[in-house]
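Hi,

Here is the structure I promised to pass on.

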Amino acid sequence: MNDLRKIVADLHAELVRYNLVVWTAGNVSGRVPGEDLFVIKPSGVSYDELTPENMVVCDLDGNLVEGEHSPSSDTAAHAYVYRNMPDVGGVVHTHSTYASAWAARGEAIPCVLTAMADEFGGEIPVGPFALIGDDSIGQGIVQTLKGHRSKAVLMQNHGVFSIGKDAKAAVKAAVMCEDVARTVHVARQLGDPLPIAQDDIDRLYDRYQNVYGQRSPR
Ligand SMILES: [Zn+2]
């Protein structure tokens, strides 16, 4: 548990490093292996004040189990994902600029880069418009990502939620999502990006997720 507190606290620095967040609007969580608990960012604490000790622990209903601060205001969405997607070990939320611009238009990012085929296996989909306060955001994330190759969803008019086998993988998906959102946006400025044939997307995804993964564990 203490290791995971440190991992989750430290991963928030990656959100800052890759310019995915401003102020306190973004969060990382990680499932506690073998327990119905997860570690998440405390609400309203700035990124440079995050420590393993001030991370909070919640159960899968989003109730505070351990910690002096209240959990992130996005905790209900994280909890809903953990309850409904047992293979997910990490969840990240950001309002990163380019990805959120696609979300603002309600437009999926088309798979026009091999890096997208590798990481996301196709387009990055759009999830429904949902307000904070109940399970609506969590439901939208799960409905969109369950059975989808993509590890990231653009919640309409809002921002990005990404998932992974652990917190680090979810952060990687958030970083990659912003990167491809920016590149495809730039490509759009000068013309129509060329699609990649589905067969090739499948081949790239399969190689990256299997062959590549075994050689160099991520
Ligand atoms: Zn948000």
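Below is what I found, starting with how the values were made.

This is a predicted model, where local features need pLDDT of at least 70, side-chain atom pairs count only at pLDDT 80 or more, and totals for chains, interfaces and linings use all residues. Residues are numbered from 1 along each chain as its sequence is written, and side-chain values use heavy atoms, with hydrogens and water left out.

**Zinc site**

The zinc ion has His 93, His 95 and His 158 as its protein donors, each through NE2, at 2.0 to 2.1 Å. Donors here are N, O and S atoms within 2.8 Å of the metal (3.2 Å for Na, K and Ca); water is not among the atoms, so the site may look incomplete. Along the chain the donors are spaced H-x1-H-x62-H. His 93 counts as buried because its relative accessibility is 1%, while His 95, at 37%, is partly exposed. For those words, buried is under 20% relative accessible area, exposed is over 50% and partly exposed is in between, with a 1.4 Å probe and protein chains only.

**Strand S5**

His 93 also belongs to one side of S5: Val 91 and His 93 are buried there, and Gly 90, Val 92 and Thr 94 are buried on the other. With five of its five residues buried, S5 (90–94) is largely enclosed by the rest of the structure. Helices (H or I, at least four residues) and strands (E, at least two) are DSSP runs, numbered from the N terminus. S5 runs antiparallel to S1 (26–31), with five bridges joining them, and Asn 27 sits opposite His 93. Five bridges also link S5 and S8 in the antiparallel sense, with Val 91 facing Ile 163. Pairing needs at least two DSSP bridges between two strands.

**Asp 74**

Asp 74 lies in the loop between S4 (64–66) and H2 (75–84). Beyond its neighbours within four places in sequence, Asp 74 contacts Asn 27, His 93 and Ile 132, contact being heavy atoms within 4.5 Å. One for you: which side chain of opposite charge is nearest to Asp 74? That is Lys 41, 8.0 Å away, and buried Asp 74 has no salt bridge (a side-chain nitrogen of Lys or Arg within 4 Å of a carboxyl oxygen of Asp or Glu). For charge, Lys and Arg are positive and Asp and Glu negative; His and the chain ends are not counted.

Cheers
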